[in-house]
Amino acid sequence: MAISEEQVKHVAKLAKLSFSENELHEFTSQLGKIIDMVETLEEVDTQGVPFTSNVADTINVMREDVTIGGWDRDELMKNVPESEDGFIKVPAIIDNGEAGA
Amino acid sequence: MTELFNKSIEELHSLLISKEITATDLTAETFARIKETEPQIESFLALNEEKAHDLAQAIDRKGITESNVLSGIPIGIKDNIVTKDLRTTAASKILGNFDPIYDATVMDKVYQADLIPVGKLNMDEFAMGASTETSYFKKTKNAWDQTKVPGGSSGGSAAAVAAGQVPVSLGSDTGGSIRQPASFNGIVGLKPTYGRVSRYGLIAFASSLDQIGPMTRTVKDNALVLNAISGFDAKDSTSAGVSVPDFAAGLTGDIKGMKVALPKEYMGEGIQPGVRDAVLKAADTFRALGATVEEVSLPHSKYGVAVYYIIASSEASSNLQRFDGIRYGFRSEHITNLEDVYVNSRSEGFGEEVKRRIMLGTFSLSAGYYDAYFKKAGQVRTLIKQDFDQVFNQYDLIIGPASPTVAFGIGENINDPITMYMNDILTIPVNLAGLPGMSVPAGFSEGLPVGLQIIGKHFDEATMYKAAYAFEQATDFHKKQPVILGGGKA
């Protein structure tokens, strides 16, 4: 199955990535080839075969319900690109165009 | 002072014990060696010089303990392992300014063992690649031939050990990222059983496949380091509560009666003749040592790459959602609203290969495609696992090549993702099944090292080390050294 540029645009939107027209073109062709490669799995009969998501034996890991020390707030803020009064600063969620409408 | 850079951990330890050298001397010499060779190899992204010096002095004050062979030994750390206050980038622009506020569990263990972390090693961006060429920062060179790639993704970790910059490094392996670069650089690299080593503080690529493991110049060194980094960790709920044996204890050289399997699928099309010859000779060496080697079949191995690219990319697309420009890492300057922070920070911060995998993973998990791709891949993963289970009902170990080829040229495959992906065809099934796998030096082809892959049963690294040690002692491959270590041409 080849993938269309429209589908690639949709997936990019889900993944919060943007591509230029050139990149989109290139990615569509590369992803198409990769998808062709992974489609060889179609020839494997998997009827009734269980799904493996993880090879660890454990299912649920429990611990005692006791309080443990957390992180220092200033330390946690150390790598924040922009902050003010101990809060993480981001631009307006609704952009100006919509806010003014 | 004698040249320390090509000595094993045990040799360095006896020099430290006899006080011929101090940990401070060894650390200073290590940084001198790194600085001398770095223009050729370019394996380090960050050096930890000041802190390493302080650690060495503290160890010297305390005195080297005879019982701890790792005390005062320098170690290099792959840059996807978080190190407190030491820049950790996963070789990505998006983490280019990231200084972790905590240590990975393996780092806690490194400090407990009195190992001295000297710096952070280059890799493919977020461990996605097989040549270390997808690093945002630099191109690491193969220790044997600087026109060749070091392999990947732990290319910096492999080249640094092979070039004598450090006696040991930590790498990580999601689909072959320890074994293939170990093979390309003629060193020993082991990916432990899934769950053997804590993943806490390993920047996640594919959580059901990732493992941290040691890279060294000898089998025994490797076992000694795995001893130190293994064990259950409450901070990683997939780490296993199984006991950790002394992996160095069984290195007797005696493997009489061991039952070894050689899968025919690992010796077929696409394997370079020089690589195939080296593995066949290795099989003869095992026979000469008293083991039996028989051909077996792992019929679903050929689907490994397809299964892997769906599963690993799907997990990556989920894991890498956290890089959004909000709390840490790179934030785009081209922003007018919150959506721009996410989209532009990610689009400008991730490299091409990482975006390709995020896209493939998002596609595989998206509505309408989940059953055909992600679910199907998880089912074929079960079949791959069952293939191994059947062989391990009758055999102790599986051997084969670690990589279909020797190291290729820098720039040769970077524009052809599928050819690059096929590099991992022999290592990927091991991750999918959660098994331990290692690469040990097994000869040369075209003047470049060939690695023999040894695959063991779950949590049976001890048998792998035993066999690898016997093989190493019976052969001379590990004694050949690249020119940069003082050796002649292979």
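This is a predicted model: local features need pLDDT of at least 70, side-chain atom pairs count only at pLDDT 80 or more; totals for chains, interfaces and linings use all residues.
Trainee: Which helix gives the most to the lining of the largest cavity?

Mentor: The largest cavity holds about 80 Å³ of space. Its lining has 13 residues, and Leu4(B), Phe5(B), Thr30(B), Gly164(B) and Pro167(B) lie nearest the centre. By class, the lining has 7 nonpolar, 3 polar and 3 charged residues. The top contributor, with 4 residues, is helix 2 (residues 23–41) of chain B.

Trainee: What is the make-up, by class, of the lining of the second largest cavity?

Mentor: This cavity has a volume of about 50 Å³. Its lining residues include Gly175(B), Phe205(B), Tyr308(B), Tyr309(B), Arg357(B) and Asp424(B). Sorted by class, the lining has 5 nonpolar, 5 polar and 2 charged residues.

Trainee: Are helix 9 of chain B and helix 11 of chain B roughly parallel or roughly perpendicular to each other?

Mentor: Helix 9 (residues 304–319) and helix 11 (residues 352–365), both of chain B, have axes 7 Å apart. They pack at an angle of about 100 degrees. Angles of 65 to 115 degrees count as roughly perpendicular. The two helices are therefore roughly perpendicular.

Trainee: Which residues of helix 11 of chain B make that contact?

Mentor: Helix 9 of chain B brings Tyr308(B), Tyr309(B), Ile310(B), Ser313(B), Ser314(B) and Ser317(B). By class, the whole contact has 6 nonpolar, 6 polar and 1 charged residues. From helix 11 of chain B come Arg357(B), Ile358(B), Leu360(B), Gly361(B), Thr362(B), Ser364(B) and Leu365(B).

How values were computed: Residues are numbered from 1 along each chain as its sequence is written. Chains are lettered from A and ligands numbered from 1 in the order in which they are written. Side-chain values use heavy atoms; hydrogens and water are left out. On a 1 Å grid over the protein atoms alone, a cavity is a set of points where a 1.4 Å probe fits but cannot get out, and a pocket is an open set with protein on both sides within 12 Å along at least five of seven lines; lining residues have an atom within 4 Å of a point. Grid points are joined across faces, edges and corners, and a volume is the space filled by probe spheres set on the points. Ala, Val, Leu, Ile, Met, Phe, Trp, Tyr, Cys and Pro count as nonpolar, Asp, Glu, Lys and Arg as charged, and the others, Gly among them, as polar. Axes are lines fitted to C-alpha atoms, for helices over the stretch in contact, and angles run from 0 to 180 degrees between N-to-C directions. Angles under 35 degrees count as roughly parallel, over 145 as roughly antiparallel, 65 to 115 as roughly perpendicular and the rest as oblique. Contact means heavy atoms within 4.5 Å.
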